[in-house]
Amino acid sequence: MGPLVPFIHDRDTAGFFEAAAGGRLVVRTCADCAASIHPPTAHCPYCGGWNTGWRTVAGTGRLHSWTTVTHQIHPAYPTPYTLVVVAVDEAPGVRLIGTLPGAPALRAEQPMRVLFETLPDGSVLPQWRVDEVGVPT
Amino acid sequence: MRDRCAIIGIGATDFSRDSKRSVVTLATQASLAAIADAGLAPADIDGIVRCNHDQVTHNALAAAIGVPNLTYWGETGPGGVAPCAMLGQAVGAILSGQARAVLAFRSLNGRSEVRYGAGVQSPGVQQVGGFGTYDEFYLPYGLLAAGQLFALIAQRHMIQFGTTSEQLGALAMICRRNAERTPHAQMYGRPMTLENYLASRMISTPLRLFDYCLESDGACAVVITTADRLKDAPHGGAYIRGVGLGCPPDMKGGMMFPITTRTDMTEVPGYIAAKALYRNAGVGPEEIDVAQIYDCFTISLLLQLEAYGFCGRGEGGPLAESGALNHDGRMPINTAGGNMSEGYIHGMNHILEAVRQLRGTAANQIAGAELCLITGGPLPTGSSAVLRKAS
């Protein structure tokens, strides 16, 4: 049983995965009102415009919430693993998911940093790790 | 809509770990029981509303029970949001003249066949997402099931408000104590202590086994018609006082996982459904005598206590431990045990228990109950209803 990999050809969301394959974290952003839109849509629900596009962000964030999964339900996702919700810097309201190995001790608002994980089918996922102060990632 | 329609019949199968029969058969049995309870025949039914998750279609059920002509059918959203939304849609169909008697049902082999707790399975490497599901942002990370999403929400509530496992456990125990005394509940006669709760195995921190509802096989159905027909119903019924649905301004697409990007992950859409409900019903939370609150997890129950105005934001934990929600408290909840301990019929069982309370036939009968709240949801949309005792 293999893992679940992202469908990377959706006409609204493909750009996110294309950028990840190039080592960049991008957020759908409205050029008219500057709102960050996630999940990404072509239309800006905030100002009603259609002038949206992809914007590269720094790739840092803050830990918003987490859960350590201890009951395994899929063979490709052995437990324990820890799901994190990361509030993305420079993109108000955007929160992305990541997976940390094992069951680390965590605290709210902990700094996080993106890294890019290549999956078995060649697709690339932005992933997150705790951003240890002074330790290059 | 206030009191212009009523539920005049309720029906259910047994709730079990293995029904040993098809979802169509379960739906047929519950529906025929509800129609008989209403003093009607299948030929009197001309509308059917269903949950989007149900495997049984309106035409499959109509064929199985022998409805000669269906003039109305509709879907009402996924999962737990459906039951109260079915009541709302049935009222709309009846008051607009599209149907005279509407059957609302939910049927699932949620334990023996399709377990929601099993999440998304795949035979090999499998692409997921696209087309407005947004699953591509969630499933590949191993965020696979509702029980993991609600764990993220529970952890956030603990960060924001200091909510404790003991407070979640208090809600699990309230449901269990009510089920213990309800003969048809799966946890009938099976007590649970706080020690039992805390010792149950961790599934996805901070949620334990007994924070999760009881995956079940079974079906429930109700018959809705105009209120003037209550007088001919052999067992009476309950007025549909009001229905309230709501999606918040920062509603997100997809099934459920994108709610992690809502402004506040711990404010469920029930808060906005509650405004519509209380306006439509002309009552407030202080007038509710008994409530059946959607409880796919303990945390979902807690969040809705806050959303429907029984306490302030962040105060669900202290309310859970206060005793007010117990069978002998000021506002008893989930009096048959709910999804947690009666059976997970996706909240349809909550509507049946509300009718039993207002008929005066519940196992844990609340004396003098006049108004019963039912909630559904809780992600990414909310639904709710108030039923009133028939006069």
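Two strands count as paired if DSSP finds at least two bridges between them, and the strands themselves, like the helices, are DSSP runs numbered from the N terminus, with at least two residues (E) for a strand and at least four (H or I) for a helix. With that in hand, look at strand S1 of chain A, residues 4-6, which pairs with S5(B) in the parallel sense over three bridges, and where A:Pro6 stands opposite B:Val128.

Before I go on, please keep in mind that this is a predicted model, in which local features need pLDDT of at least 70 and side-chain atom pairs count only at pLDDT 80 or more, while totals for chains, interfaces and linings use all residues. Residues are numbered from 1 along each chain as its sequence is written, and chains are lettered from A and ligands numbered from 1 in the order in which they are written.

Let me stay with the place where the chains meet.

Now to chain A, where an open sheet of three strands has the order S3-S2-S4, with antiparallel pairing. Strands S3 (36-37) and S4 (52-57) stand at the edges with a single partner strand each, so one side of each is left without a neighbour in the sheet. S2(A), residues 25-30, pairs with S3(A) over two bridges, and A:Ser36 in S3(A) is the bridge partner of A:Thr29. Helix H1(A), residues 14-21, packs on this sheet and touches S2 and S4 of chain A.

Which residues of H1(A) are buried? Calling a residue buried if 20 or more other C-beta atoms lie within 10 Å of its own, exposed if 12 or fewer, and partly exposed in between, the buried ones are A:Phe16, A:Phe17 and A:Ala20. They cover an arc of only 90° around the axis, the arc being that of the directions from the helix axis to the C-beta atoms, which puts them on the same side of H1(A). Among the elements that cover them are S1 and S2 of chain A, and just after the helix A:Gly23 takes a positive phi of about 80°.

In chain B, strand S1(B), residues 5-12, has eight of its eight residues buried. Seven bridges join S1(B) to the antiparallel strand S8(B), residues 217-226, while two bridges join S1(B) to S9(B), residues 238-246, also in the antiparallel sense. B:Ala6 stands opposite B:Thr225 in S8(B) and opposite B:Tyr239 in S9(B).

A nonpolar core here is a set of buried Ala, Val, Leu, Ile, Met, Phe, Trp, Tyr and Cys residues joined through C-beta atoms within 7 Å. The largest one has 166 residues, and B:Ile7 and B:Val223 are among those that touch the most other members. Helix H3(B), residues 82-95, gives the most to this core, with nine residues.

Finally, B:Asp289 lies in the loop between helix H7 (270-281) and strand S10 (290-292) of chain B, and B:Asp289 is partly exposed, with 18 other C-beta atoms within 10 Å. The C-alpha atoms of B:Asp289 and B:Ile366 are separated by 8.1 Å, although these residues are 77 apart along the chain.

Methods: Two residues are in contact if their C-beta atoms, placed from the backbone, lie within 7 Å. Axes are lines fitted to C-alpha atoms, for helices over the stretch in contact, and angles run from 0 to 180 degrees between N-to-C directions.
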